[in-house]
Amino acid sequence: MKVNTRNFVQTAEREMQNQYARAFLALMPPVIAALRVQVMGSFPDPEAAQELGRAIRAEAVARMPDLLEEFERNAVAAGARVLWARDASEANELVLSIARERNVTEVTKGKSMISEETGLNEAFKNNGIEPFETDLGEFIAQQLERPPFHIVGPAINVPVEEICDLFMKKAGMEKATTDPVELGYAARLFLRDKFRRVRMGITGVNVAVAETGAIVNVENEGNIRFNKSSPLTQVSLMSIEKVVPTMNDALHLVRLLCRNCTGQGISAYVSIDRGPKMKEEFDGPEELFIIIVDNGRSRIYEDVKMRQVLRCIRCGACLNLCPIYSKIGGYPYGWAYSGPMGQVLNPALLGVDDTSDLFNACTLCGTCREICPAGVDHPELFLYYRELEAEGKKMSSGRWEARFFKLWGTAAAHTGLWRFFYRLVRPVVARYGKEGKIKAMPGPFEGWFKTRDLPVPARRTFRDRWRKSMSEKNLSRGGME
Amino acid sequence: MGAVSLFIPCTVDFMMPEVGEAVVRLLRRLGVEPVYHEEQTCCGQPAMNAGYPAEARKAAKHFIETFGDDEVVVSPSGSCTAMVKYHYPELLRDEPSWHGRAEELSNRIYELSQYLVDVLGVEDVGASFDGTVTYHESCHILRRLGVSRQPKVLIKKVKGTTFIPMDQADACCGFGGEFSFRYAFISEEMVREKVDHYLKSGADLLIISEPGCLLNISGYLSRNNPDKKALHLAEFLAGVQEGGVK
Amino acid sequence: MEESAREEILARLRKVPKEETPVRPVLPPARELSLDKEGLVSLFTEKLSRETGVVYRAADRDEALDHLTEIARTENLKRVMTSTDDTILSLDLPAWGDRNGVAVSTAADYVDREEYKRAVFDEADAGITGADFAVAETGTLVTAHSERQPRLLSLAPILHIAVVGIDRLVPVYEEALNAFYGDGGRIPAHVTLITGPSMTADIRATSFKGMHGPRRVMVILLG
């Protein structure tokens with residue numbers, strides 16, 4: 001997938017003017033958030049249930065290499081073929097070679113975030129194979145060639161008129177309509193034909209289970225189930241952090257995933273594969289390939305501070321509650337993952353140099369951390385990314401910033417210097433003031449003043465006033481301490 | 001009653017000294033004589049949040065030197081309190097002697113309302129205000145310190161005051177330090193929504209316990225709704241009785 | 001290439017110091033565990049109904065067939081495909097079909113996979129299947145697929161009718177899945193948890209049923 005993380009500000013400014021998306025964002029996230037709270041109440045102790053999820057994910061990450069090997073052993077014993085890919089191009093090449101060997105010209109795909117990371121669809125197209133996303137939202141986003149707006153609703157912001165045009169052009173829809181249900185059924189007809197004839201289906205993996213070698217998928221539409229039932233070949237891609245120790249762990253995560261993701265007790269379908277179909281079965285894949293993709297994660301794993309990002313289960317709860325996502329939507333994040341999830345994942349996977357705005361455009365309000373069922377501490381990661389970025393600046397263009405903070409640190413450790421700098425800076429700022437308020441000021445703070453005033457920095461600081469009041473007190477009461 | 005040492009955040013010291021004065025007046029009224037170490041500077045948040053933990057560490061050490069022996073440290077800011085409480089031990093993890101002091105200090109620092117209600121055991125500070133009041137739940141106070149009941153209890157016990165909850169009181173106001181000017185176009189939308197909820201609540205006054213949020217929201221009100229006010233909790237509790245809003 | 005990628009990834013993961021695994025909190029037992037049979041039935045019914053599923057109760061085989069007859073009439077079913085698990089076999093649906101003018105077939109009736117797929121995609125008005133378990137927790141059917149329980153029967157037709165013995169009603173998923181993945185026995189290649197019809201809300205957050213799979217799900221609880 002094309003990386004567009006450098007255009008965060010530009011895209012966010014544009015998207016904030018998009019009234020359709022804004023109206024939608026004002027509505028949907030709060031509704032899902034409310035549903036989530038309601039359905040979390042089905043746990044006797046919701047917070048303990050979240051804590052268990054966090055513990056499972058922490059353990060999964062801590063024991064990752066052992067769990068991967070155990071998973072592989074059991075999956076292979078069940079007849080699956082397990083392949084490993086270091087990076088995006090290796091992963092894509094593995095899938096392509098499976099497709100080529102079987103002379104496949106069309107594939108259907110269930111939602112797979114790792115395949116969005118690796119740009120699998122582009123790879124297919126470049127090699128003369130037509131990929132069809134089959135999740136309705138992904139299908140629309142793919143046809144429009146747009147990144148996902150939301151991890152659960154990738155095209156949920158797209159106006160129906162646009163979808164109508166698209167389906168008339170690319171999905172064989174004959175009669176124009178703006179009814180979401182009719183549009184959905186048009187996609188059903190189009191994709192049903194694909195499902196019926198497809199010979200190779202691609203899926204992602206929500207959870208992999210070490211003790212059984214099984215992979216678990218969670219969905220509402222049934223498109224993933226079609227991909228696991230109709231074609232002769234199933235290729236399931238998973239990133240290395242998906243493995244948990246036990247089936248019961250997986251079940252608990254599925255419970256948490258559905259509640260946190262869409263506010264459902266469970267999604268319409270959960271499907272679990274352990275190996276390809278049994279010989280006697282009438283449907284299901286004759287061969288099951290599981291591709292374990294690293295794509296930068298083992299490097300992340302080496303960094304003990306960054307490692308926790310691998311706990312994420314992609315539920316999207318953080319998007320629905322993020323006060324910034326709810327203003328700008330998913331596009332500004334510029335890649336496969338958006339919202340706080342993208343703000344922690346994209347910099348880890350793409351590097352901090354290209355993703356600066358993602359970890360800086362945040363007030364550290366901590367709503368994402370609070371709600372996360374996987375135990376990701378987003379604000380802590382943002383601070384860490386900022387640190388990594390600052391280390392780069394010390395050597396490059398932003399050197400003034402590093403110098404400023406160096407000076408700042410020295411002043412903060414020396415009261416006299418601290419006060420001296422204040423006396424130096426105050427008049428420079430205060431001259432923009434009028435009647436106790438600053439209404440405009442050039443320079444880095446300029447943006448503040450577009451809609452806000454600022455008090456003029458005090459001529460007499462709190463310390464000055466304290467001294468005075470204490471001395472008056474001393475006079476009147478004859479001494480204090 | 002043991003000594004209470006004040007940590008007055010930079011924003012208060014330089015931009016809103018009246019908030020600090022209110023804290024002093026309030027504590028004195030409750031029979032607590034505060035101590036103020038004039039050597040204090042900054043908790044280190046600006047450097048920490050900008051990605052310069054080494055510089056924040058310098059501020060942290062200075063802070064620990066300044067406050068290290070105090071029995072209780074109180075601050076009218078939840079984000080500064082959280083910085084000391086949660087980030088200092090982490091920042092100084094590799095320096096055992098400092099780390100120990102940071103951990104100790106971590107257990108002795110309180111946000112103002114937390115101190116008043118949980119430590120001092122006071123709910124009615126003896127203030128009065130004739131009108132309706134609502135409260136903004138600042139992010140660090142609410143989510144980092146888990147403090148939400150305390151400020152509201154203090155407000156509700158003020159004579160003549162009716163507390164009105166406001167919609168999305170726990171939503172971020174969009175301050176976030178550098179965020180407020182670097183990403184002003186997002187920040188101003190957030191503060192606009194916050195103020196909308198305040199106005200819709202119909203309350204006469206908005207109370208805030210965090211100086212950063214106060215700068216942001218007051219700054220917006222000053223420009224767009226000059227007849228509406230936001231006050232720091234300390235000002236509300238200390239000042240209203242003595243002649244109202246400054 | 002695969003070998004070396006595997007070795008390289010695992011080696012890097014093993015290079016770093018191991019983190020401790022955190023202690024897991026103990027959860028209070030699920031509320032569903034304290035329900036009696038009728039409690040489970042009503043919870044299952046409530047949860048599935050919320051997803052627009054319809055739950056019928058049948059005291060015996062004849063009542064179950066009566067329900068099917070009624071459904072066939074109102075839904076105008078002409079052709080159905082059925083699974084061949086014990087519950088479904090016990091109903092003798094081919095005979096029922098003869099009596100009611102419904103063509104009944106199973107996957108084994110077709111010459112090959114392609115023919116079977118054509119029938120289940122394009123011809124069947126409904127799929128009638130058993131299920132290994134019904135889980136009260138969320139109104140969920142749990143099925144281990146096999147030659148007697150083809151995967152597409154509960155997916156490709158627009159209507160899915162499931163017949164489940166009431167003795168298969170359990171409070172939580174674990175009780176169902178531990179039966180498959182616990183010790184002993186043949187572990188199934190494919191297990192599905194089905195909760196109501198196929199659905200989506202991907203266009204303008206407008207929710208509707210029958211996106212790719214069934215538009216409706218009906219469950220007959222037998223016994």
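Which side chains meet in a salt bridge at 3.2 Å, N to O? The legends below start with that pair; the model shown is predicted.

**View 1. B:Arg28 and B:Glu33 are joined by a salt bridge.** The two side chains meet with an N to O distance of 3.2 Å. B:Arg28 is partly exposed, at 24% relative accessibility. B:Glu33 is also partly exposed, with a relative accessible area of 26%. Over all chains, the salt bridges number 74.

**View 2. A:Arg14 is paired with A:Glu15 in a salt bridge.** The closest N and O atoms of this pair are 3.1 Å apart. A:Arg14 has a relative accessible area of 49% and is therefore partly exposed. A:Glu15 has 5% relative accessibility and so counts as buried, because buried means under 20%.

View 3. B:Arg192 is partly exposed at 29% relative accessibility, and B:Asp196 is partly exposed with a relative accessible area of 27%.

**View 4. A network of salt bridges links residues of chains A and C.** From chain A, the network includes A:Asp66, A:Glu69 and A:Glu72. From chain C, it includes C:Arg6, C:Glu7, C:Arg14 and C:Lys18.

**View 5. Helices H3 and H5 of chain C cross at roughly 45 degrees.** H3(C) spans residues 61-75 and H5(C) spans residues 93-100. Their axes come within 11 Å. At this angle the two helices are therefore oblique to each other, and their crossing is right-handed. On the H3(C) side, the residues that meet H5(C) are C:Leu65, C:Leu68, C:Thr69 and C:Ala72. On the H5(C) side, C:Leu93, C:Trp96, C:Arg99 and C:Asn100 take part.

**View 6. Chain A is divided into domains 1, 2 and 3.** Domain 1 runs over residues 5-299, domain 2 over 312-393 and domain 3 over 432-477. The C-alpha centres of domain 2 and domain 3 of chain A are 34 Å apart.

Definitions and conventions
Residues numbered from 1 in each chain as written. Chains lettered and ligands numbered in written order. Predicted model: local features only at pLDDT ≥ 70, side-chain atom pairs only at ≥ 80, totals over all residues. Heavy atoms only, no water. Salt bridge = Lys/Arg side-chain N within 4 Å of Asp/Glu carboxyl O. Buried < 20%, exposed > 50% of the residue type's maximum accessible area, 1.4 Å probe, protein only. Domains from an automatic or database assignment. Axes fitted to C-alpha atoms, helices over the stretch in contact; angles between N-to-C directions. Helix = DSSP H or I, 4+ residues; strand = E, 2+ residues; numbered from the N terminus. Parallel < 35°, antiparallel > 145°, perpendicular 65-115°, else oblique. Left-handed = near helix turned anticlockwise from the far one by under 90°. Contact = heavy atoms within 4.5 Å.
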